[in-house]
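Welcome, and thanks for taking a look at this one. Please have the sequence and the 3D view open while you read the notes that follow.

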Amino acid sequence: MTADTRTINISDFAIQKQFKATCEVEADLKIRSVLCQPIYNSEQKIIGVAQMLNKGNKQTFTEQDENLFEAFAIFCGLGIHNTQMYENAMRLMAKQQVALDVLSYHATAQPEEVTKLKKLRVPSARNLKLYEFSFNDFDLSEDQTVQATLRMFIECDLIERFHIPYEVLCRWTLSVRKNYRPVIYHNWRHAFNVAQTMFSIIMTGKLRSVMTELEIFALIVACLCHDLDHRGTNNTFQVKTSSPLSLLYGTSTMEHHHFDHCIMILNSEGNNIFEFLSPEDYREAIRILESAILSTDLAIYFKKRSDFFKLVEKGENTWEAEEKRDLLRGMLMTACDVSAIAKPWSIQQRVAELVFSEFFEQGDMEREQLKEEPMAMMDRKKKDELPKMQVGFIDGICMPVYKNFAAFEPALGPLLDRVEHNRQEWKSLADRYEQAKLHRQQQVDKD
């Protein structure tokens, strides 16, 4: 049909020339008469079309038919409008529920906390071992992780460069820490570790010359905020349980929530570390921040990684184009998010236990609440297969991104070396488990 806004009444479709049939519902169906009426919304904008074909007894549609059909179209418009209003109302209710949940659980940093932190002497980066790829947060107390966060901003010269009031940075850092729930793995310590890895990649891995100061600022912030208010369950669980978050966000559910929560903290009184950016830099920082946090959704990583790998493979050395820079930043976020796999073996083992403990808790909830069997990595009954699953995780997600970053910048090679070593350790454990399993089966068969 054309964009005609009036009622169309065609008595003999075969002889008219204004319209043509684009498809037939049934092979033997021939269009004789047509009555077509636009459907309007409350703003008198066309949102649809109602159409009737072939009046009975080979009759043509009359003026009375037109009047009745117009009333039907109005009814359709009201129905569509009400449906849209209901969906909007549901989204608003979901947003309100999420906001109330967040506000009831979290709080901004208290004045006395900020004053205390502001007065403390921040340890040196050398003492904190922040430049090392093998950094171990287990050696630090909770308060020391906050001080180490401040040290990263100091070492990158972000406070001076972007005129961040030190008190505001202290308050913001404490507020971010408070806005992480005490879940087993996706908590403040994980976010802090991701930020430290980004710091060491930029400083020790020689990527500082590739990134702008604003990018470094936004990426450190993104790492610290990328899992804000994580509930210890993944996107799939949110959808399956029809949580308010899943109703509020269509895709990348948790990642959108993390970003929105990050903005909420920035907009709260005394927490805006971007306050003195120029309007242009502010918009750019928020854009980088959003893209970086959303990039931690592995679905996005899988979607984009081949483009990055192709650029590295052909030896790309010009990264000025924003599309390429966004791709690079996204891959960096993934490398940092899974960086526990590139730690010394003792640390990697300990972190893996935390990750799977959280996964198993979700699996338990799926059994209890959804009455369904969880996938293997979430299934506590299959915990003995953890080494085998870790090998799969390394091969499918970690190894490709670290191989490409080692090719991109040789100074990042030690990260790849550690991943390869840890894979051998997990493979050895997996082989031992399989051998023991086979031996037990042989004993059963023998008996």
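Just after helix α13, G315 takes a positive phi of about 75°. Keep in mind that this is a predicted model.

- Helix α13 covers residues 298–313, which makes 16 residues, and its first and last C-alpha atoms are 22 Å apart, close to the 22 Å expected at 1.5 Å a residue.
- At K304, α13 bends by about 40°.
- The N-terminal end of α13 is capped by D297, with a side-chain oxygen 3.0 Å from the backbone nitrogen of A299.
- D297 itself sits in the loop between α12 (279–294) and α13.
- Leaving aside neighbours within four places in sequence, D297 contacts N235, S252 and E255.

- The buried residues of α13 are Y301, R305, F308, F309, L311 and V312.
- These buried residues pack against α14 (322–337) and α16 (386–408).
- N404 belongs to helix α16, and it touches F308, F309 and V312, not counting residues up to four places away in sequence.
- N404 counts as buried because its relative accessibility is 14%, below the 20% cut-off.
- The C-alpha atoms of N404 and E313 are separated by 7.8 Å, although the two residues are 91 places apart along the chain.

**Helix α6**

- Helix α6 runs over residues 166–178, has 13 residues and reaches 18 Å from its first C-alpha to its last, close to the 18 Å expected at 1.5 Å a residue.
- Why is α6 described as largely enclosed by the rest of the structure? Ten of its 13 residues are buried.
- The buried residues of α6 include the charged residues R171 and R177, along with W172 and C170 among others.
- Packing against the buried residues of α6 are α2 (111–119), α4 (142–155), α5 (158–161), α7 (188–203), α8 (213–225) and α11 (253–267).

**Salt bridges**

- The structure holds 26 salt bridges.
- One of them joins R189 and E142, whose closest N and O atoms are 2.9 Å apart. R189 lies in helix α7 and E142 in helix α4, so this pair ties together parts that are 47 residues apart in sequence.
- E142 is partly exposed, with a relative accessible area of 36%.
- E215 and R329 meet in another salt bridge, at 2.5 Å from N to O. This pair links distant parts of the chain, with E215 in helix α8 and R329 in helix α14, 114 residues apart.
- Both E215 and R329 are buried.
- R380 and D364 also form a salt bridge, with the closest N and O atoms 2.6 Å apart. Here R380 is in the loop between α15 (345–370) and α16, while D364 is in helix α15, 16 residues away.
- R380 counts as partly exposed at 37% relative accessibility, and D364 is partly exposed at 22%.
- A network of salt bridges links E215, E284, R287, K304, E322, R325, D326 and R329. K304, a member of this network, is also the residue where α13 bends.

Notes
Residues are numbered from 1 along each chain as its sequence is written. This is a predicted model: local features need pLDDT of at least 70, side-chain atom pairs count only at pLDDT 80 or more; totals for chains, interfaces and linings use all residues. Side-chain values use heavy atoms; hydrogens and water are left out. Helices (H or I, at least four residues) and strands (E, at least two) are DSSP runs, numbered from the N terminus. The expected span of a helix is 1.5 Å times one less than its number of residues. The bend at a residue is the angle between axes fitted to the seven residues ending there and the seven starting there. Buried means under 20% relative accessible area, exposed over 50%, partly exposed in between (1.4 Å probe, protein chains only). Contact means heavy atoms within 4.5 Å. A polar contact is a pair of N or O atoms within 3.5 Å; within protein, one must be able to donate a hydrogen and the other to accept it, and residues adjacent in sequence count only if both atoms are side-chain atoms. A salt bridge is a side-chain nitrogen of Lys or Arg within 4 Å of a carboxyl oxygen of Asp or Glu.
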